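Welcome! Please take a moment to look at the sequence and the model below, and then read on for a short tour.

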Amino acid sequence: MSGGHFEYQQYRLHDIASQIKELIASNDDEYEWGYRRGNGYSAETIEKFKIAVDTLEKAAIMAQRVDWLVSGDDGEDSFHRRWDEELKEIK
């Protein structure tokens, strides 16, 4: 029980989303410690990054909900309720 069906790999999706968020945040940064910090990607590319973050965060939630259902931590009713609630929180 207590999850683990996917060996907690769904948390990697959150980690990747966080790293992409950092790339977005630092994109226009010039220099730090003598090195260019940002990559200077175009606005179009940054918009794709934002879509990637959104998709990864949704995928992590979906994987977590399935994990808990198949591990016996949630029943189908709570699976559906939590799925809907948690995905609604993502813009």
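## Overall shape

The radius of gyration is taken over C-alpha atoms, and the globule rule is 2.2 Å times the number of residues to the power 0.38. A compact globule of 91 residues would come near 12 Å, but this protein has 17 Å. Its C-alpha atoms fill a box of roughly 55 × 25 × 15 Å along the principal axes.

This is a predicted model: local features need pLDDT of at least 70, side-chain atom pairs count only at pLDDT 80 or more, and totals for chains, interfaces and linings use all residues. Residues are numbered from 1 along each chain as its sequence is written, and side-chain values use heavy atoms, leaving out hydrogens and water.

## Fold

Three helices and two strands make up the secondary structure, in the order α-β-β-α-α along the sequence. Here helices (H or I, at least four residues) and strands (E, at least two) are DSSP runs, numbered from the N terminus.

## Aromatic pairs

How many aromatic pairs does a search of the whole structure find? There are three. Rings of Phe, Tyr and Trp (its six-membered ring) pair if their centres lie within 6.5 Å; planes under 30 degrees apart count as stacked, over 60 as edge-to-face and the rest as tilted. One of the pairs is Y8 with Y11, stacked at 6.4 Å centre to centre with 15° between the planes.

Another is F79 with W83, tilted at 5.5 Å and 55°. Both residues lie in helix α3 (residues 76-89), four residues apart, about one turn of the helix.
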